[in-house]
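Please keep the structure open beside you as you read.

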Amino acid sequence: MGDWADLPGVRTWYETEGTGDPLVLLHGGFCTNDTWGPLRADLAAAYRVLLPERRAHGHTPDVPGPLSYTDMADDTVAFLESVVGGPAHLVGWSDGGVVALLVAAARPDLVRRAVVIGANSRPGPECFAEPSMLDTMTPDGAELAFFREMYAAVSPDGAGHWPVVAAKMLDMWRTEPAMTDGDLARVTSPVLVMTGDDDLMTLEHTVSLYRAMPQGQLAVIPGASHLVPLERPDLVSRLILEHLAQEKVETMMPVRRAAGADGAPAF
């Protein structure tokens, strides 16, 4: 079932499925809610899943001016406050993971637990495994054909608006996000950082992301790419559900999570 939320930044399309505690799914760049298909049934069996489509994605229209992660994070905060009505779990994939991190850093009161998949905290030239992809992608090129067709099928702005949105997205990837370790240290919610071992983001960047957050956990999926939720949906669903249900991290030989000087556990 779909509905509209009249948010301050943009009238936003969203879908809802399941019952229970709220879980907000944040799709990747150029994507729609359809890309969550392999995970939706498992997640909706345990949670009330809400799936907003961000500005210039899916059924939600574009807005004048450039696209920015900050604006999309502000839209997500407004969605949490007006539609969800309070804190929720966040699961973000790719660009959706960036948005989830920005929301968790700015509004920790609205984020219970989070999972970010194939996310980054720095601009593409600093963290993409192949930064040159930013120069080879074009609105009409073969690399974006799948996303171009997905956009044309449902966008209220029409297929002719695709080159505008594609150019905005590529410009954003070249310069954003620009989170520092200090920004990530403000993410106090437990966050599972998930990636394929052959992701678009370098493994070194993903590890630095995990280490910068005080309650970070890391899952590297073997034999998987940036599309790991489509490649290994059963495993990804299980890891998400286990993380969201986890109350406390307990290991037999903690190092990073060892008790602090005051005797209190790190988390």
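Phe30 sits in the loop between β3 (22–26) and α1; helices (H or I, at least four residues) and strands (E, at least two) are DSSP runs, numbered from the N terminus. Although Phe30 is not a glycine, its phi is positive, at about 70°. Phe30 is also buried, with a relative accessible area of 6% (buried means under 20%, exposed over 50%, partly exposed in between, using a 1.4 Å probe and protein chains only).

Ser94 belongs to the loop between β5 (88–93) and α3. Ser94 is not a glycine either, yet has a positive phi of about 60°, and is buried with a relative accessible area of 11%. As background, most residues other than glycine have a negative phi, and most peptide bonds are trans.

## About the model

This is a predicted model, in which local features need pLDDT of at least 70 and side-chain atom pairs count only at pLDDT 80 or more, while totals for chains, interfaces and linings use all residues. Residues are numbered from 1 along each chain as its sequence is written, and side-chain values use heavy atoms, with hydrogens and water left out.

Helix α7 covers residues 162–175, and its 14 residues reach 20 Å from first C-alpha to last, close to the 20 Å expected at 1.5 Å a residue (the expected span is 1.5 Å times one less than the number of residues). Its buried residues include Trp162, Met169 and Trp173. Among the elements covering the buried residues of α7 are α2 (69–84), α3 (95–106) and α6 (145–154).

Pro177 is in the loop between α7 and α8 (181–185). The peptide bond from Glu176 to Pro177 is cis, with omega near -5°.

## How two helix pairs pack

Which angle do α2 and α3 make? Their axes cross at roughly 70° and come within 9 Å; axes are lines fitted to C-alpha atoms, for helices over the stretch in contact, and angles run from 0 to 180 degrees between N-to-C directions. The two are therefore roughly perpendicular (65 to 115 degrees; under 35 is roughly parallel, over 145 roughly antiparallel, and the rest oblique). Residues of α2 including Tyr69, Met72 and Leu80 meet residues of α3 including Asp95, Val98 and Leu102, where contact means heavy atoms within 4.5 Å.

Helix α1 (residues 37–44) and helix α11 (residues 233–245) pack at about 40°, with axes 9 Å apart, and are therefore oblique to each other. The contact involves Pro38, Leu39, Asp42 and Leu43 of α1, and residues of α11 including Pro233 and Ile240.
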